[in-house]
Every structure is written in structure tokens, then in C-alpha cells.
Amino acid sequence: MKTPNLSAWALEHPSMVVYLMVVLMVGGILSYLNLGRAEDPDFTFKVMVVRTLWPGATAREVEQELTDRIEKKLQETPWVDVIRSASKPGESLVFLILKDYAPKAEVPEVWRQARKKLDDIRHTLPAGVQGPFPNDEFGDVSVSIFALTGDGFGLAELRREADRIARELYRVPDVKKVELIGVQEEKIYVETVPSRLAALGLTPGQLFDALQRQNLVAPAGFVETESDRVRLRVTGPFDAVERIRDADVAVAGRHFRLGDIAQVRRGLAEPPSPRMRVAGREAIGIAVSMARRGDVIRLGSNLRARLDQLKADLPAGLEVHVVADQPAIVKNSISLFVNSLAEAMAIVLAVSFLSLGLRTGTVVALSIPLVLAITFLSMRIFGIDLHRISLGALVIAIGLLVDDAIIAVEMMVVKMEQGFDRVKAATFAYTSTAFPMLTGTLITAAGFTPVGFAKSAAGEYTFSIFAVVTIALLVSWLVAVVFTPYLGYRLLDAAKLQKYGADHHGDIYDTPFYRRFRDLLVWCLRHRWLVIAATVGVFALSMVAFKFGVQKQFFPAASRPELLIELWLPQGASLKATDADARKVEGMLKDDAAVESFATYVGNGAPRFFLSLDQQLFSDNFAQLVIVTRGLEQREDLKRRLEERFAAPDSGFAHLRARVLRLENGPPVGFPVQFRVMGEDIEALRTVAAEVAAVMRGHPSIQDVQFDWNEKIKSVKVEIDQDRARLLGVSSQDVAQALQGWLVGAAITQYREGDQLIDVVWRAAGADRDSLDRLPDLDVVAANGRHIPLAQVARLKPVLEEGIVWRRDRLPTITVRSDLRGSRQPAAVTADLLPLLEPIRARLPAGFRIETGGSVEESAKGEESIKAAMPLMVVAVVTLLMMQLQSLSRTFMVLLTAPLGLIGVTVALLVFQAPFGFVANLGVIALMGMILRNSVILVDQIEQDEKAGKSTWEAIVGSTVRRFRPIVLTAAAAILAMMPLTRQVFWGPMAVAIMGGLVFATVLTCLFLPALYAAWYKVEEE
């Protein structure tokens, strides 16, 4: 069946073509203006965090009796990959991690199933357990974080104002969630001296009962009249702290005023909750998350406008600070990428004008904005936003989308030079090049399919490369066969081109340059086996150099100006101790010229203000500082100085682990080099982990080797003499409740204030509460009301117990982890360490194992997902080649040219000292599609010449000479368009790899492929 000639249709319907160009341009511009904008693409965090509290339980009790039950049930969840858990005294954290290839659409249903399973076992958990509390919004990114501070304002007052601001920010369009950070609960403390209470013959239970009965809100009935229902309200509930202090306590006929026997005061919860500071000042944070498909730049502008309105109503002295400002970063990033896009366009246009001339170059130049406009319109339709990945893909596409236009217009020019008129030249270009171009375009797009179909976190993160480049390539072909012929018809000077052809006697390739190229080509054909052997030899050498000379990388560090400082005190350290050390670091940063601002998070990590943040949760011995530096140079200088300061013997930080790190791109990894030691016996686990750490410390590129857990914490065991306790009418529960009440506090009732419920807490006065020496004298009330000192029924014994137990798939696991010094990449260092760990593996106890983690593990997942999608790419490419070439032998021959680009990839990476990472890997796979595109067009041209009656020798030489200019021009456009990307930290290695690969591949396409063709078909010179 004869297919319609789209170029002929365009020339026959010029008004329609002009109309479509205008509509598509306007639609593209409007789409660009309305595309969502974000720093990173939408990304599904396939992690649920389940937090469960069990006050009073040890870490081992939590692990064995609580965490294990939860893990066992969650293992039944669909798509589960790994279950990690941290068991601490009184608290369990379980991380449910789904497989990388779990379908994005099914994740919400998986979380629903997980919640259902947790509900199923809730009644089977030990008595006193609070929860479990699942959180499946662990991956939400806070695009803006503001902080409220105020001299003379307490944290409670700050919280009230922050809550009011949060309520108003919910009204801003595209706001999904607003969370408050660093909120401290308020309490009303009723503090007394235990001995005084005993002297008065009062028990805490009697006071509790008296206060609860007065504060109770209970219905008092109503009176029904002829016309109304009148309700009765009984006064008594506490409406002020003074009312609590003046409360009358009647016990056994005696009346006491509460304020006379106890100190009543309002204050913050003790011990404090995780808190936040900005520039050393106490603050309440306001973290804002954006709704899906929102425009982060517009959201940032709306948030600032709303905050400016709200600031006018704030009490004098309150200040709002910007702690994290993703809208500003995205705005700057988009500006940089737009500049890179403009540079790439300028380079491509320069190539077009310099090589094709003014009129021909103008035809190509006009196709670029049209292709981009239709691409933006398609992105809008398919829901692809502007972000780091899609913008980079657009820059990549710039170098490719002119290929078809160059080939089409170059063919028109050639035919006009050979004497064709404008209409015949335009329609001939379609019949001779349209379908080879389409095949080549589809092959190039197929080269990106492993990105599009990679079922992994890294694959999902980079999916837009496949989507945007494929859209741009398909659109570029459509423009080349519909709009370019029309533009060429209007702009090309047929008379001038025909005169040029006549001056060269119809052979426009009879010029000194083409004659020299023809001589070189003929030499390669005559010495075909030498050319083939040399190419194969160079390819083999490049593979060896690639394996041993090119460093491997997962994802590079981000180009954002932030630095993170992580402070880990020994397990069991109090939040107060952590806070004190964090304040010392704040003092170091306060007047540093490299620091623009900084925020401190004590007891918890920073909220996820960056997609790839390795977020830390709920640890009293942990603090994190987020520093915004004044630029990348200042960031690196500050990092070096801080590391030197923390490592100094007299730094004052020898008792803790301090880590200074940059933000990382890609899925969060944490420490780059990690080895997991897994086994049931914790003491044996410690021994093996210590051996692994010793091996790691011996490597020159390793620094700061540490364990994720290994320390025991101080504890006091209260050993009750059960016989004596029974005689005195005291139970273990009585002792535990008495100690909890006196030392930490027991909630008596609740004070209601607006939307807040504030616990009224009974506890001992500070002198009795804060000293271990006074524990033996603490009062325990027996069943008969007698007051008994703790020492009469129990003995206090200091012990060490586990501070935390990390598990992976229900096995205790110690992760030995480290940072790197120098320029060596994690993959290379890990490869060095693996043979050194073999002797340790050989003598592991039964049931123990050592696994490799860190960036090597995550990189392997990404590579496996790419490999899994490779067969699809191969089938697609081979099918397209067969459809175009209709020959198994030609198809196989063309396929042999695809890997040859690796020669240039290796050379470029070695010359520029660029690592080979996940994104570069994607670029190399796509590079093979670009190489195949040029190869298939050349082989198809040879076949067409043979069918036209030329000898095979002349077909090879003539086709290669004629295809030389479009092959070189399209390659030059792609190579030079990549230059702006080489300055990008994220895209640089991929741009270098593609540029180097295309340079060598272009040469090999023009010289090696003809020699291979001649050898393959045993072509002899005539």
C-alpha cells in the first residue's frame, strides 16, 4: 500500500500548514508558562515508618516482644523488600521498604494493606503499648521552611502564633500540608516533696481523685419548657492555673489548699521534645509541602506574599525567617538551564548557519522553536513538569532534534543543486529519507527505553529523560517531513542552487575536500582488514581502560549550597547534653563569613527539604545543623575547616561523632561505604563488626569508620524483694508507678485552653527528682495507705543494657560505615575492601553473614533495573532495523557498530577525569541508539544505490561521500549542544560520555562501517 507523501501534502495545503505552525507555537508557549516547576521529579518513596511506644520496656524487650511481632506481620505485605527496625528503650521504629520495582500506582493500596495488618495485631501487643502509628508520608518534601522567633517570647507563645500562621498558609493554592517543627508540649506541674506528703498522711492517689472529680466535665441535665430546652452547666473545671493552685483537697475530713502542700506552675514538658533553633535562637518551624503538579516558583511567591500580610498582624518582636527556600533554588536552577538551553540552541544554530549557509540554516533554525513548542505542549498533556531531569533532557534533545531537519533540508538542497525544482526536491526528500529518518529516530528513542522501563528508584527518578527525549525526537521527525519542506520551499533559492550544481557539472561532491575524503575512504576499503583489526584492538584496549581506569559512581553530590553537620553523642545521652554540644557548634558558625544562615534540629533530623535527604528520626543523642553557605567555593572551604576542627584533639568534640556532608542527588544512601554484619548473637555480632571496622580503617581512602549501633547505656535495676514487698502490701506495679510518678510525672487530669489539652502532672520537686542518691528514700504507698521508703522493699543495682538494637529482615544487624577522603569513588574503595573481608567471612559463625551496602548496593539495583529493560531495547532496535533493512545480515552488521562509541566514552571520561555513574550509564545506552541511527541511514543509502543499478563498490563510496555532511553535521550539533551540560555537576559526566562517544563513533561510521560492509559482502574494487 502506498503511503501518503506528507511533504507533498504540506506544499498543497500551505494555509493549513501556516495555521498549524501558529497554533502549535502559541500552544507551546502557553504550555511552557503553565508547566509545573519543581526541583526534582515526582518520586514515590516506597517506605513506611511505623512508630510504637512501650514505656518502661528495655530495648531487648521492645525488640523481642514488640518489634518482632510487628515485623512478622508486615512481612505479609505485598511487594515488601526489606524490613528494618530500631528498638530502643520504650520505643520501636519499623521501616517497611518496598521493592524498587513495585508499581507506583499500587503503593497507596500497599500502605492500606499494611495499616490493616497493624490493626489486626494491635490487640495482641503487650499491655501498655501505645500505637502502632504508621507514617506513609515519610517522603513528603517541604518546599519551604519558615521559622518563627521572638525575643521575650516563650516557645508556647511562639507555637500559638505559628499555629495561626499555618492555618492561614493552608489557604494558599497548591499547599498540600503545613507542619510545625520543634513544638514543645506545655504541662502544669504539681510538685511536692515526698516526705512532706507522707508527714501529712496523704497519698498521691487521694490527691489525684480529688482533682479529677472537680475538673470533670459531666452532663447536668436540662429543663424542657413549653418553648425551649434549657441546659444546666455545673462550674468547677479548671480555667486558670490559679484555680488549680487554690483547689481544695478534702481527705479523711481534713481540707488542704493544693498550693499549700505543692508548688503549682506552668511550663514546658520535661524532658523536652525535639527542638529547633535558627541562628542559635529558639524557634518554631513551619514546613510547607506542595501538592502534586504544583508550580513551586508560583507557590513560593504566593507564600511570601501571604506571609508579608501576616507579619503586619504579628506582635512586636516576632520575626519570620526563611530556613529552606526551594522556590528560590528552583528559580535559579531553571534560569541556569534556560541559559544552557539558549547556549545549546545558539551552538546548534551556529553549526547550521556556518555549514549550510544563511537560507538553509534559517530553515533548520526555524524548526527548533517549533519542535520545542510542540514538545512543551506534549509535556503539558502528559503531565511532565519542569525540573532537574526534564530540563536536562531538553538540553540533550536540542542536539538531536535538528538531525531530521538537517537531513531533510540537506537532501532538498542536493536535489536542487542537481537540477530539481523546489516542489520536486521537497517531495523527493520525503520519499528517499523520511522512512530511514523515522527508523533512525525511533532507534534513537529506543536507546532511551531502558531509562523509561527501568523498575527502580533511580529509574523512576530519571524517567523524564526517556519521556522528554522520545517526545522531542518524534516531534522533530514530524516537523522535518511536514513543516521543514514548506519552509524550504519558501526560503531556499532554487535558481542559485541549480546554478551551483551546473557549475560543478551536476556533481556537487567534486570539490577538493570531498576528493580527499573519497581518497581516504577508498584507502580504508582497500585495507579493510587492517581498519577492522585496528578498530577491534582499540575497542578492546578501551574496555580494559574503562574497567581499570574509569571510576564508578552512583549519583554525584548536589550543587546546592547547603552543608549538613550531624552530631551523634553516645547512646543514652540526654537531649540536654546533645543540645549543649549543638550550641557549641552554633558558636563556631555564628560569625563565619562563609555562612549565610543556619538552623539546628536537636533530637530529630531536619524535615525533608530536599528529595534525596537521608532523613534521621527520633534520637535524643542526635542533632543536625543545616548550613546555607554563600556559594559552592565557600561550601567546600567551610567543609574542610569544620572537618579539621572536629578532628583536632583539643576540639572539645572528642566524645561525639561529627560528620560534615553535602547533599546528594539520587535515592538517599547515607554513608557511601557500608558493610552489614548480620546474626542472632549480639555479642558475636559486635566482635565480627569490630574486625570489619579494623579492615576498613586500614584503607587510605577511608575516614570516620563507625557503627550505626554498638554502645550500651547506663541503667539502674530496681531489684524488689518480693517476699518483703508482699508483707508490706507493695507490688512491683506499685513501685514502678511510684517511681514514674515521682521522677517523671503522672498525669492527674487535663487543663483545657482553647484547642489545647494541657496535662496536669504530679511529680517530685527538683531536689528529689534529679538525684540518684535520693532514690532509696522515695516514697512508695502500700495498699493499706502506709508510706514506705523504696529502700525497704528494693535494692538498686547499676547495670549496662542495650541502648538500641537495629535489625534487618528480623536479624540483629550492625552496619559498619564510613565516609571517603580524596577523589576515589565508593565503588572502587568497596572493590578494594571485598577481598580483604574474605578471611572474616570464611570464619563467620553459623547463621552470620556480611552484606555490602551503601552506594554500591543502590547502584547495583539501578544497574539491574537497566539490564532488565535492555532486552526490550534490543528487540525494539532489531525489529526497527529489520523493518528498514529487510536483511538479517545487514541488521547484524549495523548492530556491531553500536558498542564502538565506548572507545570515545572511555577516552573522554579519562581525559576529563569524570566518573561513570547511573546518569552517564543512561547516556551511553542512548549513545548506542544515536550511533545506530547514523549507521542505518548510511546502510540504507548504500542499498538504495545498489537498487538504482550502481556497483556495490561505487554504492559504498558514493553513499558514504553523500551522507558524510549530514552525518557529521548532526553529530556536531549533538556534540556541541552538550557543551553547556559539561558544567553541570549532575549532567556533566553524561555529557562528556556522549560527546566523546559521538566524536569517535562519527569517524568510525564514515570509515569503519564502509570497510566492514566491504569485508562482510566481499566487495572488490572495480
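Guide: A residue is called exposed when its relative accessible area is over 50%, buried when that value is under 20%, and partly exposed in between. The model before us is predicted, and these cut-offs will be needed several times.

Visitor: Why is Lys-1018 called exposed?

Guide: Its relative accessibility is 68%, and since the word is used for values over 50%, Lys-1018 counts as exposed. The residue is found in the segment after α34, and its phi is near 55°, a positive value in a residue other than glycine.

Visitor: What makes Trp-79 partly exposed rather than buried or exposed?

Guide: The relative accessible area of Trp-79 is 29%, which falls between the limits of 20% and 50%, so the residue is described as partly exposed. Trp-79 is found in the loop between α3 (59-74) and β2 (80-88), and although it is not a glycine, it has a positive phi of about 65°.

Visitor: How do you know that Asn-934 is buried, and where is its place?

Guide: Its relative accessibility is 8%, and because buried means under 20%, Asn-934 counts as buried. Its place is in helix α32, which covers residues 918-947. When neighbours within four places in sequence are left aside, Asn-934 is in contact with Ile-967, Thr-970 and Thr-1005.

Visitor: What describes the crossing of helix α30 and helix α34?

Guide: Two packed helices are described by the angle between their axes and by the distance between the axes. The axes of helix α30 (residues 888-897) and helix α34 (residues 988-1016) come within 11 Å and cross at roughly 145°, and the crossing is right-handed. On the α30 side the residues that meet α34 are Ser-889, Arg-890, Phe-892, Met-893, Leu-896 and Thr-897, while those of α34 are Phe-1008, Leu-1009, Leu-1012, Tyr-1013 and Trp-1016. Sorted by class, this contact has 8 nonpolar, 2 polar and 1 charged residues.

Visitor: Why do β12 and β23 stand at the edges of their sheet?

Guide: The sheet is an open one of 4 strands, in the order β12-β7-β24-β23, and its pairing is mixed. β12 (263-268) and β23 (746-753) each have a single partner strand, so one side of each is left without a neighbour in the sheet, and this is what places them at the edges. Neighbouring strands are turned by 30° against each other on average, direction ignored.

Visitor: How do you know that β23 and β24 pair?

Guide: At least two bridges are needed for strands to count as paired, and β23 has 7 bridges with strand β24 (residues 756-764), in the antiparallel sense. Tyr-751, for instance, stands opposite Ile-758 in β24. Helix α5 (residues 155-169) packs on the sheet, touching β7 (186-192), β12, β23 and β24, and its direction makes about 50° with that of β12. Helix α26 (residues 732-744) packs on the sheet as well, touching β7, β23 and β24, with its direction at about 105° to that of β24.

Visitor: What makes strand β15 mostly covered?

Guide: Of the 8 residues in strand β15 (residues 318-325), 6 are buried. This strand pairs with strand β5 (residues 142-150) in the antiparallel sense over 7 bridges, and within that pairing Ala-324 is the bridge partner of Ile-145.

Visitor: What kind of peptide bond joins Gly-131 and Pro-132?

Guide: A cis peptide bond joins them, with omega about 5°, and Pro-132 lies in strand β4 (residues 130-135).

Visitor: How many helices and strands does the protein chain have?

Guide: The protein chain has 34 helices and 30 strands, and buried residues make up 56% of its 1022 residues. Its C-alpha atoms fill a box of roughly 125 × 80 × 55 Å along the principal axes.

How values were computed
Residues numbered from 1 in each chain as written. Predicted model: local features only at pLDDT ≥ 70, side-chain atom pairs only at ≥ 80, totals over all residues. Heavy atoms only, no water. Helix = DSSP H or I, 4+ residues; strand = E, 2+ residues; numbered from the N terminus. Buried < 20%, exposed > 50% of the residue type's maximum accessible area, 1.4 Å probe, protein only. Contact = heavy atoms within 4.5 Å. Axes fitted to C-alpha atoms, helices over the stretch in contact; angles between N-to-C directions. Left-handed = near helix turned anticlockwise from the far one by under 90°. Nonpolar A, V, L, I, M, F, W, Y, C, P; charged D, E, K, R; others polar.
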